[in-house]
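Welcome! Here is a friendly tour of the pockets, the cavity and the helix packing in this structure. Please have a look at it first.

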Amino acid sequence: MNQQIIFIDVDGTLCNDYGRVPESAGVAIHKARQNGHKVYLCTGRSKAEITDEIKNIEFDGFIGAGGGYIEEQGKLLLHKKFDLADLSSIVRFFKKEGIGYYLESNDGLFASDTCIPEIRKQIFKGLNKTDAEYQKRASELSFFFDLLLPEKPVSELTTVNKISFMSEHVPFEKVKNTYQDKFTILHTTVPLFGENSGEIVLRGINKEVAIRYLLTHLNTSPAQTIAIGDGMNDFEMLQFVNYGVAMGNAKQELKNIADFVTGTPDEDGIANFFKQHGLT
């Protein structure tokens with residue numbers, strides 16, 4: 001196959017529901033790059049959320065924060081950040097409503113006091129501590145809790161590029177209705193966080209826009225591009241590229257527009273797609 005530029009989402013695509021990367025995916029990406037293809041992460045995660053397990057795979061570049069941050073071969077191309085006045089407004093609203101949140105930046109993930117308790121309510125809902133599933137989730141997700149840092153004053157957070165929020169009692173729609181006129185409000189890409197969890201992204205930013213920006217920088221057309229994803233923040237990306245791939249666990253709306261549907265992460269979806277399409 002001619003050289004392809006491949007964009008891969010993280011949560012639910014490269015990683016399973018517990019944030020783990022199947023060994024087969026890392027091997028497939030390595031082989032594809034050896035064969036001359038370029039592979040980029042294209043994720044809602046901010047740079048501080050990219051674990052060593054993911055970094056060790058090695059990619060040609062990184063699109064993060066849902067499209068607000070772009071690196072190519074380690075060189076920064078774009079970084080869109082929240083205005084401090086807007087950030088202060090959102091934080092005040094969350095505190096008033098009792099919504100847990102973490103502010104995502106390259107310097108770290110800064111969590112409110114209510115963030116971890118709210119996440120724990122969701123991921124352990126309906127489970128007892130003696131349940132095997134409880135133990136599995138506690139073990140597999142401990143890496144994420146380790147990433148969360150104590151909250152700082154907003155005045156010190158000058159590189160925030162995305163906000164994640166979660167609540168047991170405040171509907172997602174309330175946050176969306178409050179801020180959708182100025183920002184893009186998306187449902188979370190981590191199902192375990194619950195139906196009222198979501199993300200606030202700067203307006204005009206999505207994965208398609210970021211890919212267009214990168215292709216312009218590379219002086220390359222979309223004719224040989226592939227994108228792989230599972231969530232609705234991958235919708236524009238899959239529509240834009242030459243060949244869109246939905247994971248087996250993808251939202252049905254995404255499967256409907258995909259050129260190909262592969263397996264889930266735990267079914268070696270990425271590796272099987274790469275092999276079937278001559279990338280490895």
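## The second largest pocket

The lining of the second largest pocket consists of 5 nonpolar, 3 polar and 6 charged residues. In this count Ala, Val, Leu, Ile, Met, Phe, Trp, Tyr, Cys and Pro are nonpolar, Asp, Glu, Lys and Arg are charged, and the others, Gly among them, are polar. The volume of the second largest pocket is about 240 Å³. It has 14 lining residues, and L41, I50, K55, F62 and E71 are the closest to its centre. Two or more lining residues come from each of α2 (52–55), β3 (61–64) and β4 (69–72). Such helices (H or I, at least four residues) and strands (E, at least two) are DSSP runs, numbered from the N terminus.

A word on the source: this is a predicted model, where local features need pLDDT of at least 70 and side-chain atom pairs count only at pLDDT 80 or more, while totals for chains, interfaces and linings use all residues. Residues are numbered from 1 along each chain as its sequence is written, and side-chain values use heavy atoms, with hydrogens and water left out.

Rolling a probe the size of a water molecule over the atoms shows where empty space is left. On a 1 Å grid over the protein atoms alone, a cavity is a set of points where a 1.4 Å probe fits but cannot get out, and a pocket is an open set with protein on both sides within 12 Å along at least five of seven lines; lining residues have an atom within 4 Å of a point. Grid points are joined across faces, edges and corners, and a volume is the space filled by probe spheres set on the points.

The largest pocket holds about 880 Å³ of space. Its lining has 48 residues, with H187, T188, T189, V190 and E199 nearest its centre. By class, that lining has 18 nonpolar, 17 polar and 13 charged residues. How many cavities of 30 Å³ or more does a search of the whole structure find? The search finds 1. The lining of the largest cavity includes T13, L14, P22 and M247.

## Two helix pairs

Two packed helices are described by the angle between their axes and the distance between the axes. Axes are lines fitted to C-alpha atoms, for helices over the stretch in contact, and angles run from 0 to 180 degrees between N-to-C directions. Helix α1 (residues 23–34) and helix α11 (residues 269–276) cross at roughly 35 degrees, and their axes come within 7 Å. Their contact (heavy atoms within 4.5 Å) joins S24, A25, A28, I29 and A32 of α1 to I270, A271 and F274 of α11. It has 7 nonpolar, 1 polar and no charged residues.

Helix α3 (residues 84–97) and helix α7 (residues 172–179) pack at about 150 degrees, with axes 12 Å apart.
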